[in-house]
Amino acid sequence: MGAVRRLVDADTGEPVPYAPYAFSGRHTQVDKARVEAITESKAFTPSQKFLVLWWIGVSPEGMEPLRATGADIAKRVGMSTDAVGKINRKLAKHRILIVRGRVGNYNFYRISPYIAFHGTGIEQREAVKTCNPPDIPGFDDNVPARWEAQ
């Protein structure tokens, strides 16, 4: 068996401590600028903003929808079924949520791949080709992110 290779700091020569990947499981790539624009927008209520963040966390891998009814979601987030339905419809109108299936008169949603995506970069590039960018009041896609502007 070969020796374990230890990383060292290039400047000091000191060993760099090993740290396992810090996420506790599945994780998602998130467009921080769009999420910041949503959370700062006056066009969305606190409940709507909360559900955006919830959708980021629960949307399945790839472009699959979350297969849950409004009643299921309402139980999970502590809201009424009517409130969840109204919020989901508003978020879909802004293309923050996208419809990815339907049973009867109920739509199955997921977060837009422009906002968050669980999958490879190549899969995300293909996913964004299937839908239009979200309409987030106050967000200008042409303005560079703050870290780029500094």
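Q: At what angle do the axes of helix H2 and helix H3 cross, and how close do they come?
A: In this predicted model, local features need pLDDT of at least 70, side-chain atom pairs count only at pLDDT 80 or more, and totals for chains, interfaces and linings use all residues. Residues are numbered from 1 along each chain as its sequence is written, and side-chain values use heavy atoms, with hydrogens and water left out. The axes of H2 (residues 46-58) and H3 (residues 70-77) come within 12 Å and cross at roughly 105°. Axes here are lines fitted to C-alpha atoms, for helices over the stretch in contact, with angles from 0 to 180 degrees between N-to-C directions.

Q: Why is H2 called roughly perpendicular to H3?
A: The crossing angle is roughly 105°. Angles of 65 to 115 degrees count as roughly perpendicular, under 35 as roughly parallel, over 145 as roughly antiparallel and the rest as oblique. That is why H2 is described as roughly perpendicular to H3.

Q: Which residues of H2 and H3 meet?
A: Phe50, Leu51, Trp54, Trp55 and Val58 come from H2, and Ile73, Arg76 and Val77 from H3. Contact means heavy atoms within 4.5 Å. By class, the contact of H2 with H3 has seven nonpolar residues, no polar ones and one charged. The classes are these: Ala, Val, Leu, Ile, Met, Phe, Trp, Tyr, Cys and Pro are nonpolar, Asp, Glu, Lys and Arg are charged, and the others, Gly among them, are polar.

Q: What makes H3 roughly perpendicular to H4?
A: H3 and H4 (residues 81-93) pack at about 105°, with their axes 8 Å apart. By the angle rule, that makes H3 roughly perpendicular to H4. On the H3 side the contact uses Gly70, Ala71, Ile73, Ala74 and Val77, and on the H4 side Thr81, Val84 and Asn88. The contact of H3 with H4 has five nonpolar, three polar and no charged residues.

Q: How many helices and strands does the protein chain hold, and how are they defined?
A: The chain has six helices and four strands. Both are DSSP runs numbered from the N terminus: H or I of at least four residues for helices, E of at least two for strands. Their order from the N terminus is β-α-α-α-α-β-β-β-α-α.

Q: What makes Arg34 and Asp31 a salt bridge?
A: Their side chains meet at 2.8 Å, N to O. The rule asks for a side-chain nitrogen of Lys or Arg within 4 Å of a carboxyl oxygen of Asp or Glu, and the Arg34 and Asp31 pair is a salt bridge. The structure holds two salt bridges; Glu126 and Lys129 form one of them, at 3.0 Å, N to O.

Q: Is Arg34 buried or exposed, and how do you know?
A: Arg34 has a relative accessible area of 7%. Buried means under 20%, exposed over 50%, and partly exposed in between (1.4 Å probe, protein chains only). Arg34 is therefore buried, whereas Asp31, at 24%, counts as partly exposed.

Q: Why is the Trp55 and Tyr109 pair called edge-to-face?
A: The ring centres of Trp55 and Tyr109 are 6.3 Å apart, with 75° between the planes. Rings of Phe, Tyr and Trp (its six-membered ring) pair if their centres lie within 6.5 Å; planes under 30 degrees apart are stacked, over 60 edge-to-face and the rest tilted. The pair is therefore edge-to-face. Trp55 lies in H2 and Tyr109 in strand S3 (residues 106-111), so the pair ties together parts 54 residues apart in sequence. Trp55 is buried at 0%, and Tyr109 is buried at 5%.
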